[in-house]
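The reader may wish to keep the structure in view while reading.

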Amino acid sequence: MAKLEQEWRQFLEGPLYPDADVPWRDDPAYSLLLQFPGVRDCVGGQVAPALTQAIGLVQALAQVDLRELVRKRRPAHGLSLGFGMNMHEPYDLFQVFELDVVHGYEWIGEQVVDAARSLQALQDAQPDLPARIRLHHSTISDLHALADASVRVVYAANVFHPEIPMASDTFERTVQEILRVLEPEGILVSRGSSGVLEASLAPHGRMLVQTPLVTVFQKQA
């Protein structure tokens with residue numbers, strides 16, 4: 001029984017920190033989310049329909065087929081940034097884009113564990129799932145586990161929302177890390193962004209879609 005209870009840990013890559021000891025504990029956004037864990041997700045919603053909607057918008061407005069763009073070379077890796085209480089977000093990203101591997105980053109330890117447990121429940125039908133979805137208890141400003149230009153698609157929902165602003169140095173490092181890990185022509189889908197993210201990314205590629213609800217950015221080739 002003890003072994004079964006710990007099987008969710010096979011989805012984790014790297015350490016799982018106590019809340020009080022995380023290296024990013026001084027970021028005000030982290031403190032806010034610990035105090036009010038539902039803040040980020042109150043403007044969230046289901047992930048798979050949101051991704052499908054973004055794909056449709058890009059097809060209609062920019063005449064770009066995101067699914068084809070993501071699938072055209074293998075392996076295709078994805079990255080879920082700050083999935084929070086949406087524990088199925090890394091899995092939905094994996095499914096919608098038919099990715100080979102997805103990495104999920106979240107800085108609230110309890111939510112990392114919840115996501116790992118939910119993935120464990122899917123493992124009977126997909127035995128290779130622990131090798132294909134990797135969860136990290138980490139700040140999104142430090143993606144050192146990922147190689148340069150190794151990610152085809154990044155998804156972030158309400159991570160850059162104006163109601164829960166991260167420290168400026170965290171934000172700047174996060175943008176640098178996103179650009180570092182994105183492949184040339186790789187894409188980022190962001191929901192609930194404040195506009196600051198888009199302004200920071202714009203010099204490094206093009207906005208395929210930019211609306212109050214969703215932004216889709218493509219890194220330059």
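Two strands pair if DSSP finds at least two bridges between them. The model discussed here is predicted. In it, β6 and strand β7 (residues 214-219) run antiparallel and are joined by five bridges. In general, the strands of a sheet pair through backbone hydrogen bonds, in either a parallel or an antiparallel manner.

These two strands belong to an open sheet of seven strands with mixed pairing, in the order β3-β2-β1-β4-β5-β7-β6. At the edges stand β3 (133-137) and β6 (205-210), each of which pairs on one side only. From one strand to the next, the twist averages 15°.

Helices α5 and α8 each lie across several of these strands, as the table sets out.

| Helix | Residues | Strands it lies across | Direction |
|---|---|---|---|
| α5 | 89-96 | β1 (77-81), β2 (101-106), β3, β4 (151-157) | about 150° to β1 |
| α8 | 168-181 | β1, β4, β5 (182-191), β7 | about 135° to β5 |

Strand β1 contains the residue S80. Is S80 buried or exposed? Its relative accessible area is 0%, and therefore S80 is buried, since the term applies to values under 20%. Which residues is S80 in contact with, leaving aside its neighbours within four places in sequence? They are E89, P90, L93, V102, H103, G104, Y105 and Y155.

Technical notes:
Residues are numbered from 1 along each chain as its sequence is written. This is a predicted model: local features need pLDDT of at least 70, side-chain atom pairs count only at pLDDT 80 or more; totals for chains, interfaces and linings use all residues. Side-chain values use heavy atoms; hydrogens and water are left out. Helices (H or I, at least four residues) and strands (E, at least two) are DSSP runs, numbered from the N terminus. Axes are lines fitted to C-alpha atoms, for helices over the stretch in contact, and angles run from 0 to 180 degrees between N-to-C directions. Contact means heavy atoms within 4.5 Å. Buried means under 20% relative accessible area, exposed over 50%, partly exposed in between (1.4 Å probe, protein chains only).
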